[in-house]
Amino acid sequence: MANKNTKTKIDIRRDKESLARKRNLVLMLFCLAIAVAAGFAALSYLDDNDTNTSFRKRFNDYNDGWNIIVDETRTMEDLPAYTKSGSDNVIILKKVLPDPIPKYSAIAVRNYHQKMEVIINGEVVYTYPDEDTTNIAKVISDEWSIINLKSDSSRGVLEIKYTNESIFPFKGYIGDVYFGDDNSMIEYLRHSNLWAFISGIIMIIIGIILIIISWIYRKPTNQKPNTAMGLSFFCFGLWLVNRSKMPFLSTNNSAIFLFSLYALLLVAPFIFLYAYYRNQEFRNVSLICFRVLLVYAGFIFVTSFFIRHNVEVIAMIAYISTLLGFLFNAFLLFRASFGPGAKYKSRMELLLNRSEFFSNMIFPPAGVIEMIISRHELWTEVSNFFRVVLVIYAAIYMVFVLWRTYLVVQDRVVVSERLQESQLELMMGQIQPHFIFNTLSSIRTLVKVDPDVAYKMLYDFSNYLRANVDNVTNMEGIKFAAEVNHIKSYVNIEKVRFGDRLNVEYEIGEDDFMVPPLSIQPLVENAIKHGAVKKIEGGDVYLRSYKTDTHNIVEVEDTGIGFNSESASKVFSVYVGNEDKVGMESNKVMISVMQEVINSMDLRDENGEPIKITAPIEVEDLSGNGSEEHKSKGMINIILRLKEMSDADLIISSRTGVGTKIKVLFPIQKEE
């Protein structure tokens, strides 16, 4: 009855967790639907030509017949135009204002990271940057400026003076100039840059959704890569929003531009951080690139307060670093999708990896095209083409994340059930009828021969049974000290059975750490039954524990018969079947885990020559009833539990006729 009630509670808890996961997933999809709907609504609003026309009626382009003066050389050109600064780093634009000038008239003009003065009839009417717009950092923005005109400026000479402040001579773009009603121009600029603004908002929303997904599902799944990619999308979105030149509270704000520039510098580090968390290969390279780029961003941030940096160079380095990050990711995804390790992945996981690889390949060619397009705009412009590519890539990535997260969460439910099944299988495998009958028979005999030993054996047997029953539903782990007590109860029972043929010694140096229940005891049991007592004269078993800087380590060593080629093949055989899963219950993933263990083994024959097991032996069935050919199931259960519950590694050394040592490394969990 107790077991039934416990099972009912577990089922209720699973149902609640499943309902919560579905509710969170529906909420995220609802947010995504709102974002997409807002984008389409904005685009349809942007296509309203009548609205733009109504604004145009109150102002007009003012781009014809400008005198451009560079090094006292005067040329007449229409704007926009490409030009370069002279030896004095100055470009002057001149034109006569119309007559008359209506009330509330203004001109709209944009600089390109240059100092700018607007002069009418020799009088300076506007300066950028001035005391109000100067940022504490030495970075000049490139937003629109709206300069109101006086009615007495009719027929006056309008002069716009650009002074290049970068370390390189200016060679680039002089944009449009507008003349007319100031409010109409501001509204027009907002509408004409609406799509550019929305693309940035979509990137920010996708980044936030990824971060939220990462936070919600941080425990059942590995969401660190998605957190890094979400932060990169968020930072890129901030840059796109600023580059839309959307006038809000003011038309020229250096502080906002500076903030977005710093955000752009963080995109590449987060891309390499994603590579660090996403792939096991070249992790050191990913980490080095992440740290170097993060230090560079910090250097720019600190020094920009007292050094005049070249904005276009900063943006260029940020773009190139991001491009290299995506190329590096493409290389790693290609190896994960088509490399040697691909054969150990399920079909679903391969589909996800390959889809992510092909979507990742959208960015590099688009980045190269964008860098060619923006070469005249000092690397600080973002074309509509590149915005569309970024939004498409971010949307595809988010779909993959939702898909992968859904599959993995579902898989984790199966893994949880499999872990509980493995605990029950281990317990039932240990409490076998012949073991119970032999123990009870020994106790019955000892009651007459040696009552004190019988009393002690009965006490150990009851502790052994209680520990097995109590740990059937324990998915949280137990202290190693409790596992040692369980082991001692089992060993005391076996020592009565085998007498002087069995000697067990304990060298416990560290016992205050968590281990999966029923994980070390089966290793000790195997060391006794299939190692030490297999020798006629018997043997020794050693249980040790100690701590290093990174791991708590448990060693189980015996002086028994050791592994030969045949016994090793049986122990490390696995069943190959279900290939449609992503999680640990996938048999192909189980093969990869077993492969890790095999790669760490050092098996030798009686002559000291290495015994090679290149891969897990594939068998047709693991559902046997305990027969000899299915004994490997116990080792698979142990490995599954150690990997899933503690992320522990196994190192096995054995020599035929000498003995076996199994070392289990439990990573020390650092406080987050």
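Rings of Phe, Tyr and Trp, the last by its six-membered ring, count as a pair if their centres lie within 6.5 Å, and planes over 60 degrees apart make such a pair edge-to-face. In this predicted model, the structure holds 26 aromatic pairs. One of them joins Phe233 and Tyr393, whose ring centres are 5.9 Å apart with 80° between the planes, so that the pair falls in the edge-to-face class. This pair links distant parts of the chain, since Phe233 belongs to helix H5 (residues 224-243) and Tyr393 to helix H11 (residues 384-430), 160 residues apart.

Charged side-chain ends sit over rings in the cases below.

| Charged residue | Ring | Distance from ring centre |
|---|---|---|
| Arg283 | Tyr276 | 4.1 Å |
| Lys488 | Tyr506 | 5.1 Å |

Turning to the strands, S10 (residues 157-164) is joined to S5 (residues 90-96) by seven bridges, the two running antiparallel, and within this pairing Val96 has Val157 as its bridge partner. Strand S7 (residues 114-120) likewise pairs with S10 in the antiparallel sense over seven bridges, with Lys115 standing opposite Thr163 of S10.

Key. Residues are numbered from 1 along each chain as its sequence is written. This is a predicted model: local features need pLDDT of at least 70, side-chain atom pairs count only at pLDDT 80 or more; totals for chains, interfaces and linings use all residues. Side-chain values use heavy atoms; hydrogens and water are left out. Two strands pair if DSSP finds at least two bridges between them. Helices (H or I, at least four residues) and strands (E, at least two) are DSSP runs, numbered from the N terminus. Rings of Phe, Tyr and Trp (its six-membered ring) pair if their centres lie within 6.5 Å; planes under 30 degrees apart count as stacked, over 60 as edge-to-face and the rest as tilted. A charge sits over a ring if NZ of Lys or CZ of Arg is within 6 Å of the ring centre and within 35 degrees of the ring normal.
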